[in-house]
Structures are given as C-alpha cells and as structure tokens.
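Here's a quick briefing to read alongside the model. Have the sequence and the 3D view open as you go.

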Amino acid sequence: MSKLKRVGLFLSLILSFSAWGGALKIEITQGVSSAQPIAIVPFSSDQVVGGLLVDIAQVISDDLARSGRFKPLSRLDMLSKPSSSEQVNFRNWQALGQDNLVVGKVLPASNGRLTIQFQLFDVYKGEQLTGFSIPASQSGLRAAAHRISDLIYEKLTGQKGAFSTRIAYVTSMPGRTGAVEYKIQVADADGFGAKTIVTSSEPVMSPAWSPRGDKLSYVSYEGRRSSIYTQTLRSGQREKLHSFKGINGAPAWSPDASQLALTLSKDGSADIYVYNVITRSFRRLTRSYAIDTEPSWSPDGRHIIFTSDRGGKPQIYRIPVSGGKAERLTFEGVYNARASYSPDGKRIIMVHRINGQYRIASLELATGFTSILSNGSLDESPSYAPNGSMILYSTSDGLKTILAAVSSDGKVHQKLRLQGGDVREPAWSPFKQY
Amino acid sequence: MKTYQKLLAGLCLSSALAGCSMLDGDEQAGGNGAIDGTNGTNGGASTSGLSDGNNFTGHPLDNPASALSTKVIYFAFDSHAVEPQYEAVLAAHGAYLAANAGVAVIVEGHADERGSREYNVALSEKRAKTVQNLLSLQGASGNQTEAVALGEEKPVVLGHNEESWRLNRRVELIYPAH
C-alpha cells in the first residue's frame, strides 16, 4: 500500500440531512486515517410500540465521524447486531479491526417516556468502559443521542464532547418578494433543527453568545442604522442596547456575563467600549484615531484582544480590561483581523492574509508561531467549539458563502451547505445552556 | 417650526439652483413642470427655470450634465482616500447642500467582501466620514449629512473578482427626500 493511500486523506463521508428548518448538509471533505475505528451497532427498539423517530446509533456515528477522531464502521460490514453485553462476541469485532464497540437499546418507560441503555466496550480487552441509562422522550431522542456521543467522546479522548452544543449563524437569501432577507438562525451543532430567531430586510450581523448560552447579542441595521440587540432565545424577547451615532457593532460578552465589549464610533473613529450590564454604563477602553474593533475576551476575563490599523495595517492587539497600554500580538503578514481565544487561552485564531488569500490562522501565544488552518481564499469569522476541538468559519463556494469546519490541528475539514442561500458568521455556543 | 420652514424656503429661493427637496411637493402640486411634458423619470419633482441655456427640466440631482447626477464614488483597496476624479462630484454635492439647507443626505459607506466583516464596517465608515468632511468643507452643515457604515453587508455586485470588488468599494450619496 502506497504511503499516500495509507494516509488516506479523502474519507468523503456525506451525511445528508433533512430537518424541518432548512437543513445544513454536512460533508467531510478531508479526514485522517489516524481516526480510531469504532463500531456503533443500531440500537434495538423492539419493545417500543411504533418504533423510534430517530436512528440513535446513526446520530452518534455521524457525531463521532464529524469530530475527525473516529472512523465508524459501516453497518453493512457488521457480522452481528448485538444490543447488550451478553450478545457480544468480541472476537468478531477484533477481526473487523475495531478498537471500540457501542451497543444499546431503547425500552418503554412509564407515561409514554423511554429509557435508553448503552454500553461502550474496549474490544481487545473485552471490557466495558462505560455504560449509562438515560431517560428520554420521542422528541428528545436527538438530544439524548448527542449526550451519548459526548460521553463516548470524553471516555475515549479525555476531552469533553461538544455534540450537545448549538451554532448560530447569519443567512441571506431572496425572500418571497425577491428582496434579500437577512436572518440569524440557531441550529444543533450538527446542523439539525435550525430555527430563525430574527428576520430583517436590512442586514443583521455579528451574533455573539452569552456565556450561559441562553442569549444572543447581534447587530441589526433595521431602520437603516446599526444597533445592538440582546435576545433571549427561549422567549424570543429582545432588548435594544442604547445606540449612538455611527457604528454600534461587534458585541462580545465577558466570560462572567457582567460586561459586553463593543465597538462605537460616537467619539470619532471606531473604538472599543465596555458596557456594564449591571450599572448600564459605557466605558471607553481604547483611544486612537485609527480603527479599533472586533473585541474578544480572554477566557480569564482579564484582557481584550481587538483588531486595529493604528500601525497602518490591521493587526491584533491586546489590552487589559482595566485599561492601559495596548500590546501588539501579530507580526506575521500584513492583515490579521477578527481574533478570538482558544478555550484554554493558549492561542488565538484569526483571519490572516497570505499571498492575497484570506485564511484562518492560529497563533500560539507562548511561541509566536502562526499556522494556517484553512485553504480557501475568502475565509472569515472563525469560532472555536467550546472544547477547543474544532473551528467553524465561513468560506466562499462558487458565488455562495457556506460554513466550513476544521479540526484545531488543521487535519480534518468539513463543509456545511445550506439549500438556497448564503450562510456566514458562525458562532459556536458555550457548553452551558438553559 | 413654521419660521424654520420659511427660512429654508427663503434660502431655496435665493439660491441659483432650483429644486429644494423640501418644496418638491408644492412644485408638483403647482404643475409647473408638467407643461413641457418632460417630467423626471422617477416621479419626483419636475421643475424648470434655469435660464442660462441649460434646457434640462428635471431635478438638478438628476441632471446628467451636472456632477450632481453622480451619487456613487469608488475607492481603492483598503483605502478611504477620495480619488481626484471625484473631487468635482463632491464639490458639487457640497455646494448643493450649502445652497439648500433643508436638504439632507445619507452618506453610506461600503467595502468589498475581503477580510473580516466588522473591520470592513469600520473601514466603510472611514470612507463615509471622508466624504462627509469634504461635503462640509463646501459648506454643508453637520446636521445635513449622516454617515452610515454598512461594511460588506450590501454588495451591488456578487463576484469574487477585482471588477466586483471595485464596484463594491463605494460611498453612496442618498437623498432620502429625493
């Protein structure tokens, strides 16, 4: 077998989804052969009258495949379909080259509810690694499947899974009248169950999650001027932040949810301000005649990084939240913008221009080492998964804009397509959700 | 308010330019412009009266022979400098605003799609503010102009090439009452 083949770059796994609200189609365009083989046997549901609305094992399998860390076995290659430990013949799974095995079943519980039981095995040791019994309803089966994916992922990688999180993004497409409609949608991390939270005939942009994941702040040009709104997802109610003349943009929540960093140009050029949610007061953080925008908080809440062209070209700077001197962080290239921290605070990701192409790059803060993670020409708006495993961003695809994801090591690439319109500015939710 | 309007009307009359947008409705109601049958194409005001040989009978902002008819100016990449060929255009608009104190204009800045979106909003605001300043140098007052920054959110051309980008890096002068 040639080396190239062994590296096996093209997994070309196409997962085609159809959900209620304009689904995103996820396509893994480049994977790695170092992914762990795992067999996820279809869960039995013989005792559930009418069967299940969701193929739980398929959801888990798709989740794990998308992470790039796992290579789920095709069902066609399975020699048996056990649903509990006593039915498992480990030698069969060893022969298929599988490291791990997941089996499970769904049982009826009281009041029309269901119980999902699953077990994760080490195939070579013939041992159970973990096993859970999870209550669920028919309408909550997808959520339950994502929780199982989280448990499996954490057990096998030592890293918390982010399959139960959500993504927000902006779409634009011609509406019924032919005029462009701008929307912000929220979907599960796998693109399912997209729901529109705001629709406008004028642009909406810059969705930003609150640290608890219960609210989204965003910029809206309704009335032809920019304003920042904060919308509670569950109720749909929103509050307009006091808006000033000029730019009202780039909202970013502090990790403790007490403050919102934003960009205002009321005092001349675009500068970073911090809005205190409790005292409802604005404090100016940067003072330059240049553009200062795109604030983002360090995970410890002590610093804000931002884009500034004070040196002539846009570069990333860091300033203490309490104020003080801004320090330049990026020196590679003539264009670095829209930076944000990795969840562990060790690196920042940003839009980086290289040879005229705009790509997603990561900068390791301790070493100053920059690595290019994406391979498009108009890539922008990078957003880390809360566990730091993946980065979502937008990229051009012909005349359209679509979402793409890359593993934080740059090895696994995916594209997420929405039928009929542009999708951009993805924002991955935090873990905590209410 | 009434005195203010009277004052504005006076300013309009004293100016050499016809067609103060505040008075558009009245002029139409008077039906003056309909006599020669060459109304403006967009249902706006249609006055005439410049007796200097210019036989354009539409609104001065629509006069193809005037620099006022140009309402979009274009910029170089990552630049907010107004290029020399647009200086006469902005001088004309500035003078028009100075002569018509009741007219307001929205100075709408735009950027091409390259780079990050909020940075492009700030860049497009710099463009709009440069134009705003040039208008005020001609005598337009601060409350006649408003800079709005739309970044790359409203392209006029979709396309990932130099020609599309050139057309999208722009400032539009929008006269809401026109």
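Let's start with chain B, where four strands line up as S1-S4-S2-S3 in an open sheet with mixed pairing; strands here are DSSP runs of E with at least two residues, helices are runs of H or I with at least four, and both are numbered from the N terminus. Two strands pair if DSSP finds at least two bridges between them. Keep in mind that this is a predicted model, so to speak of local features pLDDT must be at least 70 and side-chain atom pairs count only at pLDDT 80 or more, while totals for chains, interfaces and linings use all residues. Residues are numbered from 1 along each chain as its sequence is written, and chains are lettered from A and ligands numbered from 1 in the order in which they are written.

**The sheet in chain B**
- Strands S1 (72-74) and S3 (145-149) of chain B sit at the edges with a single partner strand each, so one side of each has no neighbour in the sheet.
- On average, neighbouring strands of this sheet are turned by 20 degrees against each other, direction ignored.
- S2 (residues 105-109) and S4 (residues 170-174) of chain B run antiparallel and are joined by 4 bridges.
- Within that pairing, B:Glu108 has B:Glu172 in S4(B) as its bridge partner.
- Helix H4 (residues 117-137) of chain B packs on the sheet and touches S2, S3 and S4 of chain B, with its direction at about 165 degrees to that of S3(B). Axes are lines fitted to C-alpha atoms, for helices over the stretch in contact, and angles run from 0 to 180 degrees between N-to-C directions.

**Where chain B meets chain A**
- The contact involves 21 residues of chain B and 29 residues of chain A; two residues are in contact if their C-beta atoms, placed from the backbone, lie within 7 Å.
- H4(B) gives the most to chain B's side of this contact, with 8 residues.
- Chain B's side comes to 9 nonpolar, 4 polar and 8 charged residues. Here Ala, Val, Leu, Ile, Met, Phe, Trp, Tyr, Cys and Pro count as nonpolar, Asp, Glu, Lys and Arg as charged, and the others, Gly among them, as polar.

**Chain A overall**
- Chain A has 4 helices and 31 strands.
- Its C-alpha trace spans about 70 × 55 × 45 Å along the principal axes.

**Domains of chain A**
- Chain A splits into domain 1 (35-157) and domain 2 (166-428), with bounds from an automatic or database domain assignment.
- Their centres, taken over C-alpha atoms, are 36 Å apart.
- Domain 1 of chain A puts 6 residues into the contact and domain 2 of chain A puts in 7.
- Helix H2 (residues 56-66) of chain A brings the largest share of domain 1's side, 3 residues.

**A hairpin in chain A**
- 6 of the 6 residues of strand S19 (residues 292-297) of chain A are buried, so S19(A) is largely enclosed by the rest of the structure.
- S19(A) runs antiparallel to strand S20 (residues 303-308) of chain A, with 4 bridges joining them.
- A:Thr293 stands opposite A:Thr307 in S20(A).
- The hairpin of S19(A) and S20(A) has 5 residues between the strands, and A:Gly301 in the turn has a positive phi of about 75 degrees.

Conventions
A residue is buried if 20 or more other C-beta atoms lie within 10 Å of its own, exposed if 12 or fewer, and partly exposed in between; C-beta atoms are placed from the backbone.
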